[in-house]
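Subject: Structure handover

Hello,

I am passing on the structure we talked about, with notes on what turned up in it. Please open it first and read the notes beside it.

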Amino acid sequence: MQTLLIVGCGDVARRTLPHLLGRYRIVALLRDSSQSEAWRAQGVLPLVADLDRAASLKRLAGLADAVLHFAPPPEAGIQDLRMRRLLAALSQGSLPRSIVYISTSGVYGDCRGARVAETSPVRPKTARARRRVDAERQLRRFGRTTGVRVSILRAPGIYAADRLPLDRLRRGVPVLCAEDDVFTNHIHADDLAQLACRALRRGAANRVYNAADASGMKMGDYFDLVADSFGLHRPPRVTRGQAAAALSPVQLSFMSESRRLDNTRLCREFGVRLR
């Protein structure tokens with residue numbers, strides 16, 4: 001049985017387990033040792049290490065036949081030094097056959113509402129998106145030089161029953177008025193987990209996929225839909241100028257990029273039906 005290493009053991013990683021258990025011997029790289037028992041109870045072997053400490057990653061050498069990478073880059077800078085340390089550790093032994101990396105659609109930057117395919121250039125506007133671009137480039141270079149099959153899923157906003165903006169709606173945080181609003185993109189957490197697992201088998205070498213559903217909604221309409229579904233008040237609508245005075249820089253950054261992700265490649269090559 002092949003060994004699969006999961007890097008970044010959050011919600012979506014946990015959702016992959018029903019697709020993977022019985023097919024792989026699964027090792028979970030955990031930064032927090034207190035999570036070990038919970039993962040062991042799921043039939044997963046925990047391995048405590050830290051992507052910010054190169055010495056702790058030595059046990060990864062030659063460990064895995066495949067890697068699912070969900071971990072975020074560091075919180076500062078424009079480079080993903082965590083990815084650099086991970087790839088250095090994996091290079092010390094027999095190499096994995098495949099790596100699947102969950103990136104972000106933020107690498108495209110603001111596309112002014114245009115439809116965006118994987119062939120579109122990356123134009124990251126934020127530091128966190130620049131770190132993702134750096135991680136992708138490191139991985140693709142690693143794949144080209146070593147022959148490891150690298151597949152990258154660019155994911156937009158992730159939602160699920162327990163990942164909805166209900167608290168924000170209850171607090172009455174505003175959204176943009178229709179004339180200023182931006183197109184946003186979404187993927188259900190279960191769908192993203194399924195896609196990550198499908199990429200292990202069907203992802204092409206050095207290939208990027210837009211891991212998004214086909215909803216194509218504007219942000220305000222999405223918040224209205226959630227509010228209506230839960231019997232909450234729809235959020236107030238404001239102009240972009242009013243939003244700049246009322247919202248944090250992080251909140252504003254999500255309202256400054258508009259694009260509609262094209263998932264044709266994903267659906268054609270993965271043969272998957274999204275929830």
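To begin with a salt bridge (a side-chain nitrogen of Lys or Arg within 4 Å of a carboxyl oxygen of Asp or Glu): Glu136 pairs with Arg154, and their closest N and O atoms are 2.6 Å apart. Glu136 and Arg154 are both buried, where buried means under 20% relative accessible area, exposed over 50% and partly exposed in between, with a 1.4 Å probe and protein chains only.

Before going further, note that this is a predicted model, in which local features need pLDDT of at least 70, side-chain atom pairs count only at pLDDT 80 or more, and totals for chains, interfaces and linings use all residues. Residues are numbered from 1 along each chain as its sequence is written, and side-chain values use heavy atoms, with hydrogens and water left out.

A search of the whole structure finds 22 salt bridges. One of them joins Arg15 to Asp162, with 3.2 Å between the closest N and O atoms. Because Arg15 lies in helix 1 and Asp162 in the loop between strand 8 (157–159) and helix 5 (166–170), this pair ties together parts that are 147 residues apart in sequence. Arg15 is buried, at a relative accessible area of 18%, whereas Asp162 is exposed, at 59%.

Arg265 and Glu118 also meet through their side chains in a salt bridge, at 3.9 Å from N to O. Arg265 belongs to helix 10 (residues 264–270) and Glu118 to the loop between strand 6 (115–116) and helix 4 (127–146); the pair links distant parts of the chain, 147 residues apart. Both of these residues, Arg265 and Glu118, are buried.

Helix 1 against helix 6

Two packed helices are described by the angle between their axes and the distance between the axes. The axes of helix 1 (residues 11–20) and helix 6 come within 8 Å and cross at roughly 55°; axes here are lines fitted to C-alpha atoms, for helices over the stretch in contact, and angles run from 0 to 180 degrees between N-to-C directions. That angle makes helix 1 oblique to helix 6, since angles under 35 degrees count as roughly parallel, over 145 as roughly antiparallel, 65 to 115 as roughly perpendicular and the rest as oblique. The crossing is right-handed, meaning that the near helix is turned clockwise from the far one by less than a right angle.

Which residues of helix 1 meet helix 6? They are Asp11, Val12, Arg15, Thr16, His19 and Leu20, and their partners in helix 6 are Ala189, Asp190, Leu192, Ala193, Gln194, Cys197 and Leu200. Contact means heavy atoms within 4.5 Å.

Within helix 1, the buried residues include Val12, Ala13, Arg15, Thr16, Leu17 and Leu20. Just after helix 1, Gly22 takes a positive phi of about 95°.

Gln194 has its place in helix 6 (residues 189–202). Gln194 is buried, with a relative accessible area of 17%. Not counting residues up to four places away in sequence, Gln194 touches His19, Val272 and Arg273.

Ser36

Ser36 is found in helix 2 (residues 36–41) and counts as buried, at 10% relative accessibility. Leaving aside neighbours within four places in sequence, Ser36 is in contact with Leu30, Pro46 and Val48.

Most residues other than glycine have a negative phi, and most peptide bonds are trans. Arg112 is not a glycine, yet has a positive phi of about 55°. Arg112 is found in the loop between strand 5 (98–104) and strand 6 and counts as exposed, at 78% relative accessibility. Asn206, also not a glycine, has a positive phi of about 50°. Asn206 is found in the loop between helix 6 and strand 11 (207–210) and counts as partly exposed, at 21% relative accessibility.

Regards

Definitions and conventions. Helix = DSSP H or I, 4+ residues; strand = E, 2+ residues; numbered from the N terminus.
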